[in-house]
Amino acid sequence: MATMTGVSGSAAAALWRPVPTGDDAVAAAERAALGTSARVVVWPPGNLKAACAAADEVLGVLDRQASRFRPDSELSALHRAGGGLFLLSDGLAEAVGVALAAARWTGGLADPTVGGAVVGLGYDRDFAAIDPEHGRPPAPALPAPGWHRVRLDGPLLRLPAGTRLDLGATAKGLGADRAVRAAMAAAGSAGGVLVSLGGDIAVGGTAPRGGWPVTVAERPDGGDAPGSQLLRLTGGAVATSSVTCRRWRRGGRELHHIVDPRTGLPADGPWRTVSVTAQTCADANAAATAAIVAGTRAEGWLAAAGLPARLVGHDGQVRHLGGWPAADGQPLPVTRGSHVYAGGRR
């Protein structure tokens, strides 16, 4: 595997920017990370520095393990090898295991072997570096090879030749889960912490009175965007997948980043945004992506999975499932049990 280096702790800490919270008992900071925005919120405020440092370490390690955009990442080294048998680090083994487990319980709707299809559509680098109006048409679409062809036995991965992994349906949620655990450990398990990666949110410890205020939105920056909702999160996690944000054009055709593994093309169902609350952010992340891909089957699939969800159609109509509150300011349901996440590794 390639030798990997990262940003030093002191350099990373300097990148965090304070965020006003309107509450003297709660402190927050944010920075760019993993191709999106990371936010850490804590109480009591004195825990913020330690929590940010812990999150930095976790997110830096995950980036070096699982990024398909970094040439020095462990995942990129697997792809350059073109397939075979690999001994993975514990952290990448966990990330791949979570992705394969998500593929299994979603019936293949969230399939990590879509990597080749995503690259063929033009999403072959960090999104900020993509030309949004490229004239060259995308490569011919092909279905994903299929998650069941990938074998993981502990740290040993057998990757078929020509198969590229994209862990995007679970890695961001996994990163939030890891960062929350690390931040709580750094704070000595006192108070509470919230970590948001592009709007995918996990919480740990004790929530502030009334719960953590979170905005479920179609854009990672939240705000008063159409389709946003302000709710309270007392435990667990919430994640949102949307086809409205990461969009670009190839050969006059508009594309987005959520790919249907059955076709190799961007999902074209009736939902533009799906938000799901679950016990872990890895679960919620996988379920939200799977629901976008499921299309007209999404409501039935989410109900069978027992996951509260909020679905926004392309026509702007909103559907609430599984006890998801219709009114602003209400607490999100706290689900029990995890579908995909084993935890324990970094």
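Predicted model: local features only at pLDDT ≥ 70, side-chain atom pairs only at ≥ 80, totals over all residues.
## Chat about helix H6 and its surroundings

Reader: OK. How many residues does H6 have, and how far does it reach?

Author: H6 covers residues 171–186, which is 16 residues. From its first C-alpha to its last it reaches 22 Å. That is close to the 22 Å expected at 1.5 Å a residue.

Reader: Why is H6 said to be largely enclosed?

Author: Twelve of its 16 residues are buried, so the rest of the structure largely encloses H6. Buried here means under 20% relative accessible area.

Reader: Which residues of H6 are buried?

Author: Among them are Ala-171, Gly-173, Leu-174, Asp-177, Arg-178 and Met-184.

Reader: Let's take H2. At what angle do H2 and H6 pack?

Author: About 145 degrees, with the axes 8 Å apart. The crossing of the two helices is right-handed. On the H2 side, the contact residues include Ala-50, Ala-54, Val-58, Leu-62 and Gln-65. On the H6 side, they include Gly-175, Arg-178, Ala-182 and Ala-186.

Reader: New topic. How many aromatic pairs does the count come to?

Author: The count comes to one aromatic pair. Trp-105 and Trp-301 form that pair, and it is stacked. The rings are 5.4 Å centre to centre, with 25 degrees between the planes.

Reader: Why does the pair tie together parts that are apart in sequence?

Author: Trp-105 lies in helix H4 (residues 90–105) and Trp-301 in helix H8 (residues 298–305), so the pair ties together parts that are 196 residues apart in sequence.

Reader: Are Trp-105 and Trp-301 buried or exposed?

Author: Trp-105 counts as buried, at 18% relative accessibility. Trp-301 counts as buried too, at 13%.

Reader: Now strands. What is the order in the open sheet of three strands?

Author: The order is S4-S7-S6, and the pairing is antiparallel. Strand S4 (84–87) and strand S6 (151–153) are the edge strands, and each pairs on one side only. The twist averages 15 degrees from one strand to the next.

Reader: How many bridges join S6 to S7?

Author: Three bridges join S6 to strand S7 (residues 156–159). In S7, Arg-158 is the bridge partner of Arg-151.

Technical notes
Residues numbered from 1 in each chain as written. Heavy atoms only, no water. Pairing = 2+ DSSP bridges. Helix = DSSP H or I, 4+ residues; strand = E, 2+ residues; numbered from the N terminus. Axes fitted to C-alpha atoms, helices over the stretch in contact; angles between N-to-C directions. Phe/Tyr/Trp six-rings, centres within 6.5 Å; stacked < 30°, edge-to-face > 60°. Buried < 20%, exposed > 50% of the residue type's maximum accessible area, 1.4 Å probe, protein only. Expected span 1.5 Å × (residues − 1). Left-handed = near helix turned anticlockwise from the far one by under 90°. Contact = heavy atoms within 4.5 Å.
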